[in-house]
Amino acid sequence: MLEGQITKALSGFYYVTTQKGQTYRTKARGLFRKKELTPLVGDYVTFDLEEGQDGTILEVKDRKNLLVRPPIANIDLAFVISSAVDPKFSQQLLDRMLVVLESIHIQPAIYISKLDLAPHDLVHEIKVLQDYYQNLGYDFLCPEDGQVNQGQMQAIIGHKRVVFMGQSGVGKSRLLNQLNDQLNLLTGQTSKALGRGRHTTRHVELLPIFEGYIADTPGFSSLDLEGIEKEELSQYFPEFWARRAQCKFSGCLHYKEPKCAVKAGVETGDLDSNRYRHYVYFLEEIMTRKPKY
């Protein structure tokens, strides 16, 4: 019996890499279907091998976290990739992805691509945001020449299992190719009619990079906030959470309550008004969603 991590899932097969760096093609036991458990890229598993045949996954170890979209498990760090242009930069989508990652205990980092194609005023705006998010504790990379800084990325990635997340067309595959030109991943153009990229990544796969692994994943255009309750949302806005004790009411939602320290911080300019507007938008989305039975 061997142990390893699933590094690719394709056409019903799971490719498992052991600590020695050997990769085996395996299938999942029928038992998993009965348990309604689907092995995912990133899962640590035990498996058996029979000579001349594909291996069989026997057990999926407990997961420390799970992304549903894209489906991947046991991630240490997620790079949220946003483009300055083509598709247009959206701070609300950036904040949504940060909230989702914080809620499932995955450390986020931010990378802004295509800054070399952006007008001067947008470059300035993103540089201001870089200072703000870095003060919150996030790694925030936005190279003005559009070229990845290998040293910075290696320092952040280290030995981690890392996922790249972002809309289609923001340049995830292009960025990975810059990090390792041996990958030769497909890159695509953004649809002018739709304003979003065509999918060039067809499956989830963990690729060796530096001392760790990184995933190029199918793009997505939105994320729901399923599983996040209104009382916990402010935890995922670090600057709001830090002020909670200054609010008049315990359990303040920073919404319509009087003498709220978060709203006061927005009014004085100490807190970013766009971030607060996004918080309210997410809060109202959570408060108005229909219960599932």
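**Reading a predicted model: site, cysteines and salt bridges**

Biologist: Is H254 buried or exposed?

Modeller: The general idea is to look at the relative accessible area, where a value under 20% counts as buried. H254 has a relative accessible area of 1%, so this residue is buried.

Biologist: Which residues is H254 in contact with, leaving aside its neighbours within four places in sequence?

Modeller: With those neighbours left aside, the partners of H254 are S234, F240, R244, C247, C260, V262, K263, Y276 and Y279.

Biologist: Which positions does UniProt list for "binding site"?

Modeller: An unreviewed UniProt entry gives C247, C252, H254 and C260 under that heading. C260 is, like H254, in the loop between α6 and α7. C260 counts as buried because its relative accessibility is 5%. Beyond its neighbours within four places in sequence, C260 is in contact with C247, C252 and H254. C247 is likewise buried, at 8% relative accessibility.

Biologist: How many disulfides does the count come to?

Modeller: A disulfide is a covalent bond between the sulfur atoms of two cysteines. In this structure the count comes to 0 disulfides.

Biologist: What joins the side chains of H278 and D95?

Modeller: A polar contact of 2.7 Å joins them. H278 belongs to helix α8 (residues 273-288) and is buried, with a relative accessible area of 7%. Not counting residues up to four places away in sequence, H278 touches Q91, Q92 and D95.

Biologist: How many salt bridges does a search of the whole structure find?

Modeller: The search finds 12 salt bridges. One of them pairs E3 with K61, whose closest N and O atoms are 3.8 Å apart. This pair links distant parts of the chain, 58 residues apart: E3 is in strand β1 (residues 2-10), and K61 is in the loop between β5 (55-60) and β6 (66-67). E3 is exposed at 52% relative accessibility, whereas K61 is partly exposed at 28%. Salt bridges also link E3, E59 and K61 in a network.

Biologist: What parts does the pair of R63 and D43 tie together?

Modeller: These two side chains meet in a salt bridge of 2.7 Å, N to O. R63 lies in the loop between β5 and β6 and D43 in the loop between α1 (30-34) and β4 (44-48), so the pair ties together parts that are 20 residues apart in sequence. R63 is partly exposed, with a relative accessible area of 28%, while D43 is buried at 0%.

Biologist: Which parts of the chain does the pair of R289 and E229 link?

Modeller: R289 and E229 form a salt bridge of 3.5 Å, N to O. R289 is in the segment after α8, and E229 is in the loop between β15 (212-216) and α6, 60 residues apart. R289 is partly exposed at 27% relative accessibility, and E229 is also partly exposed, at 42%.

Terms used:
Residues numbered from 1 in each chain as written. Predicted model: local features only at pLDDT ≥ 70, side-chain atom pairs only at ≥ 80, totals over all residues. Heavy atoms only, no water. UniProt positions renumbered as here; feature names shortened; annotations may be inferred. Helix = DSSP H or I, 4+ residues; strand = E, 2+ residues; numbered from the N terminus. Buried < 20%, exposed > 50% of the residue type's maximum accessible area, 1.4 Å probe, protein only. Contact = heavy atoms within 4.5 Å. Disulfide = S-S within 2.5 Å. Polar contact = N/O pair within 3.5 Å; in protein donor to acceptor, adjacent residues only side chain to side chain. Salt bridge = Lys/Arg side-chain N within 4 Å of Asp/Glu carboxyl O.
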